[in-house]
Amino acid sequence: MNGTAVSVRGLTKRYGDVRAVDGIDLEIGTGEVFAILGPNGAGKSTTVEILEGYRERDAGEVSVLGTDPRHPTRLWRSRVGIVLQTANDTAELTVRETVRHFAAMYPSSRDPDEVIAKVGLTEKARTRLRQLSGGQRRRVDVALGVIGDPELLFLDEPTTGFDPEARRRFWELIRGLSDDGTTIVLTTHYLDEAEALADRVAVIAKGRIVAEGEPATLGGRASAKAAVSWLEDGGRRRIETRTPTATVLELTARFDGEVPELTVTRPSLEDVYLDLINASPDSEQRPS
Amino acid sequence: MSDTVASTRARAVDREGSGRLPSIAASGWGRAAVETKMFFREKDAVIFTFSFPIILLVIFGSIFQGELEGHVTVSQLYTAGLIGAGVMSASFQNLGVGIAVDRDDGTLKRLAGTPMPRSAYFVGKILSVLILSVLEVAILLAVGVVMYDLNLPTAPGSWLTFAWVFVLGVTASSLLGIAVSSLPRSAKSATAVISMPFVVLQFISGVFIPFTALPEWLMRIASFFPLKWMCQGFRSVFLGEAGASLELAKSYELGRVALVLSAWMVGGLVLCLTTFRWKGRRDG
């Protein structure tokens, strides 16, 4: 890591009596791909919109590329790319017209045709946005997010509504941007997406960060109990153990060779995630 | 973190542009081009904005023929009134609905997230409204001349009056349109919310029905709004001195026209600056 792209201390945002964001600390390094996970209403979007300079905060210190996003300048905006959740604007413009129009807003931009190629829309460059599919429309959003060649890119639930193949292609696109050196902050519902893309993950539940770390080790995942399962006497047997290798050795000896239908599984990111958000503190005291 | 745009990262990407933030004028011009292009590609909007005054002129001009006092023809009267309504349609109605849609479909939010100066959005809107208004007026005049023997004024003074009534009217109506765009809760309701007051205003401002035929309380209400004064200004241009006797005050009161339209410009600007929302209601 060389430098800090985003730094957040004690971020708080209330809507009436509800604390949507309740004291969040974050540190995102330059060049990192950082995923924010959490259920609907957990405070993900509020947090990201405060970082993007769209929303006021009640308390806390925030620095994004060295600037407080409460007072966004045009220069700062030119260094930050934003891909919003949903948009249906410029429906009557073609892909190329739209990308060129937004390119002209930046002090210096990427080549529009190159960006269109990068998001895989070269064949649709002359098509009006109205006629694109949902996934193609989303790729236009990404093109507009990166046209100014941002140092930091925010992606808010970028692949909602994608089919599996489109999601894979989208992930490749994000990896390519990351390889170019862009810092990426992404919110998502999809755990496989976080696992596939993110260097680090933060899980937000009820306005607080309940876990933070690399996807592979999140919530003690790597050292958690493994489940060993096999078939014996016509029924499925299953034990949870911290020493699955010893268990398998024991079983191998008992069966004198092949253990029928043997599986050894660690908890998936999804298991860890569901445990985390269900175990989050003071859930019964909160107004809903 | 560096304050300069030229980032320290070594990047293998081609970059375009000057390296300086684009000016408001350049950004506003870019917006105007895009706004106008989108407008003409959206057939419903074109029909909605343009055809209404033109169809009404054709209908009214065909139904009510003949002359009023002082050799003023009814079709002349309607041409002047419908130019006022046409200008208001291209500015007030077009912007009121269009900006409500922009707020709903993500246009405003996306623009707010770019380095574009926010004023460029309004510069673009007003430039595109000017283009539309000039077109609308040209078509209405053409219909008037070709179908209803409208005599265009020859005196330069009349065209000067036309120019300032047009500019003040477009500006005041545009600012009001921008202000009123915050009223509709969503794009779906925008057409209904914005069109209703506009239709009422047309009926009480002397567009369809001679102003003098209205009961006094309606006249008072209409005199508060800009459309009545715009139409009065346009009548002075196209009906000439002969038509002045048809006015309530037996004069076109051009001084008051200028005063009321200017007052609405100031009021509209204050409303815009105090009430404009860059976010939709869903965005909180």
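In this predicted model, Thr265(A) touches Ala226(A) and Ala227(A), leaving aside residues up to four places away in sequence. Thr265(A) itself is found in strand β13 of chain A, a strand that covers residues 263-265. Is Thr265(A) buried, exposed or partly exposed? With a relative accessible area of 42%, Thr265(A) counts as partly exposed, because that category lies between the limit of 20% for buried residues and the limit of 50% for exposed ones. The C-alpha atoms of Thr265(A) and Val8(A) are separated by 36 Å, and the two residues are 257 residues apart along the chain.

| Hairpin | Residues between the strands | Residue with positive phi | Phi |
|---|---|---|---|
| β9(A) and β10(A) | 2 residues | Lys206(A) | near 50° |
| β11(A) and β12(A) | 2 residues | Asp233(A) | near 55° |

**Helix α8 of chain A**

Helix α8 of chain A has 12 residues, numbered 244-255, and reaches 16 Å from its first C-alpha to its last, which is close to the 16 Å expected at 1.5 Å a residue. Which residues of α8(A) are buried? They are Pro244(A), Thr247(A) and Leu251(A). Seen down the axis of α8(A), the buried residues fall within an arc of 55°, and therefore they line one face of the helix. What do these buried residues pack against? Their partners are strands β11 (226-232), β12 (235-241) and β13 of chain A, and β13 is the strand in which Thr265(A) is found. On the face turned away from the buried side, α8(A) carries the exposed residues Thr245(A), Leu249(A), Glu250(A) and Ala253(A). After α8(A) comes Asp256(A), a residue whose phi is positive, near 55°.

**Where chain A meets chain B**

Turning to the interface, 46 residues of chain A are in contact with 39 residues of chain B. The two chains bury about 3900 Å² between them, and 51% of this area is on carbon and sulfur atoms. On the side of chain A, the residues that lose the most area to chain B are Tyr54(A), Arg74(A) and Pro107(A), which together give 17% of what that side buries. How many salt bridges does the rule find across the interface of chain A and chain B? It finds 6 salt bridges there. Glu97(A) forms a salt bridge with Lys37(B), in which the closest N and O atoms are 3.5 Å apart.

**Chain B as a whole**

The secondary structure of chain B comes to 10 helices and 3 strands, and these follow the pattern β-α-α-β-β-α-α-α-α-α-α-α-α when chain B is read along the sequence. Taken along the principal axes, the C-alpha atoms of chain B fill a box of roughly 80 × 40 × 35 Å. Chain B has 284 residues, and buried residues make up 51% of them. Among the contacts in chain B with a separation of 6 or more, 79% are accounted for by residues 24 or more positions apart.

Note on methods
Residues are numbered from 1 along each chain as its sequence is written. Chains are lettered from A and ligands numbered from 1 in the order in which they are written. This is a predicted model: local features need pLDDT of at least 70, side-chain atom pairs count only at pLDDT 80 or more; totals for chains, interfaces and linings use all residues. Side-chain values use heavy atoms; hydrogens and water are left out. Helices (H or I, at least four residues) and strands (E, at least two) are DSSP runs, numbered from the N terminus. Buried means under 20% relative accessible area, exposed over 50%, partly exposed in between (1.4 Å probe, protein chains only). Contact means heavy atoms within 4.5 Å. Two strands pair if DSSP finds at least two bridges between them. The expected span of a helix is 1.5 Å times one less than its number of residues. The arc is that of the directions from the helix axis to the C-beta atoms. Buried area is the accessible area (1.4 Å probe) that two parts lose on being put together, summed over both. A salt bridge is a side-chain nitrogen of Lys or Arg within 4 Å of a carboxyl oxygen of Asp or Glu.
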